[in-house]
Amino acid sequence: MTGYYPIMLKLERQRIAVIGGGSIAARKVNGLLAGGASSIQVIAPHLCEELQRLLESGRIGWVAKQAELDTLRDYTLVFAATSDVQLNARISNEAMKYDILVCNVSDGQQGSFLTPAVARHGELITAVSSAGVSPSLARHMKQELESNFLPKYEKALRLMKQLREKVLQSKLTEQQRQRLLRLAANEASDVEEAQVEQWAAALLDRIVLDEGEDTEDGS
Ligand SMILES: C[C@@]1(CC(=O)O)c2cc3[nH]c(cc4nc(cc5[nH]c(cc(n2)[C@H]1CCC(=O)O)[C@@](C)(CC(=O)O)[C@@H]5CCC(=O)O)C(CC(=O)O)=C4CCC(=O)O)c(CCC(=O)O)c3CC(=O)O
Ligand SMILES: NC(=O)C1=CN([C@@H]2O[C@H](COP(=O)(O)OP(=O)(O)OC[C@H]3O[C@@H](n4cnc5c(N)ncnc54)[C@H](O)[C@@H]3O)[C@@H](O)[C@H]2O)C=CC1
């Protein structure tokens, strides 16, 4: 089985080509736009309605042509998303020759990366992957995260952000900071936003108190 390593990629400096203009290309484009892409060229002789709309709103460019392998090197990130499976394979092979990251939508194994199912809530991002085994299951899990999990942790993340800023400015040691923030992460989803100051103070007391006890123990 192929191994994969998930990363959080910044898209603003990527030159992205989505080759193919159908519904799957449109789904990839929407995901890329949500991820902050600013340079997306769709390469296809025709665009579906959704891509046409995105073109008219100026969010994507369009190269109204059949795919051409020799222009791939203009891009840093490529999606081979045509309905021609053999062409998608040729695009993937050519891109990989030049170490250009490429996703082959008709055969995940042939490209260099897969697109996970992504749910966003505020600054929180979760990506679920079945490593190509069942995209539908990845989609289902994403939907469950969206409705049951992310709303709770979006608030927790806001609290952790405030707390972490305070803690990073404090005089705690690195070890104390780590202990405090791990402890806080366990509790953050149950804390009310208005209570953040009291919570921060109590956490600090507990860290210091625990250490006192540790010292008395001699441990
Ligand atoms: C390998 C991968 C390559 C890639 O595209 O990156 C790939 C490949 C293929 N998908 C196929 C089919 C379907 N894909 C979906 C849905 C999604 N597919 C996505 C990703 C991936 N799909 C990558 C693996 C990711 C992983 O496993 O973690 C998601 C998660 C992300 C996204 O596309 O943005 C998005 C849900 C996002 C969302 O809703 O949020 C559905 C369900 C639906 O549309 O409702 C179906 C039909 C049912 C089914 O098959 O499950 C086929 C067969 C095509 C055929 O039959 O010809 C192939 C080809 C093959 O199997 O290699
Ligand atoms: N990864 C995924 O999530 C999924 C992948 N698929 C795969 O994605 C492929 C595409 O699916 P759809 O977008 O629904 O098909 P579609 O038929 O809606 O669109 C195909 C697009 O490819 C373009 N195209 C065909 N030949 C081309 C060429 N030589 N150069 C440039 N563009 C070309 C067409 O103009 C059209 O815009 C399917 O064949 C299937 O293998 C299907 C479902 C899910």
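1. In this predicted model, Glu123 and Lys161 form a salt bridge, with their closest N and O atoms 3.0 Å apart. The pair links distant parts of the chain, 38 residues apart: Glu123 lies in the loop between strand E6 (117-121) and strand E7 (124-128), and Lys161 in helix H4 (residues 135-169). Glu123 is exposed, at 59% relative accessible area, whereas Lys161 is partly exposed, at 43%.

2. A further salt bridge joins the side chains of Glu193 and Arg158 (2.9 Å, N to O). Because Glu193 sits in the loop between H5 and helix H6 (196-217) and Arg158 in helix H4, this pair ties together parts that are 35 residues apart in sequence. Glu193 is partly exposed, with a relative accessible area of 30%, and Arg158 is also partly exposed, at 38%.

3. Glu94 and Lys97 meet in a salt bridge of 3.1 Å, N to O. These residues are 3 apart in helix H3 (residues 85-97), so about one helical turn separates them. Glu94 is buried, at 15% relative accessible area, but Lys97 is exposed, at 59%. The count of salt bridges comes to 8.

4. Helix H5 (residues 174-187) has 14 residues and spans 20 Å from its first C-alpha to its last, close to the 20 Å expected. Its buried residues are Gln176, Leu180, Leu181 and Ala184. Viewed down the axis of H5, the buried residues fall within an arc of 125° and therefore line one face of the helix. On the other side, Glu174, Gln175, Arg182 and Asn186 are exposed.

5. Tyr5, Ile7, Leu9 and Leu101 form a nonpolar surface patch, together having about 430 Å² of accessible area. Tyr5 lies in the segment before strand E1 (16-19) and counts as exposed, at 70% relative accessibility.

Technical notes. Residues numbered from 1 in each chain as written. Chains lettered and ligands numbered in written order. Predicted model: local features only at pLDDT ≥ 70, side-chain atom pairs only at ≥ 80, totals over all residues. Heavy atoms only, no water. Patch = residues over 30% accessible without salt bridge, like charges linked within 9 Å, V, L, I, M, F, W, Y side chains within 5 Å. Areas by Shrake-Rupley, 256 points an atom, 1.4 Å probe, with all protein chains shown as cover. Salt bridge = Lys/Arg side-chain N within 4 Å of Asp/Glu carboxyl O. Helix = DSSP H or I, 4+ residues; strand = E, 2+ residues; numbered from the N terminus. Buried < 20%, exposed > 50% of the residue type's maximum accessible area, 1.4 Å probe, protein only. Expected span 1.5 Å × (residues − 1). Arc of directions from axis to C-beta.
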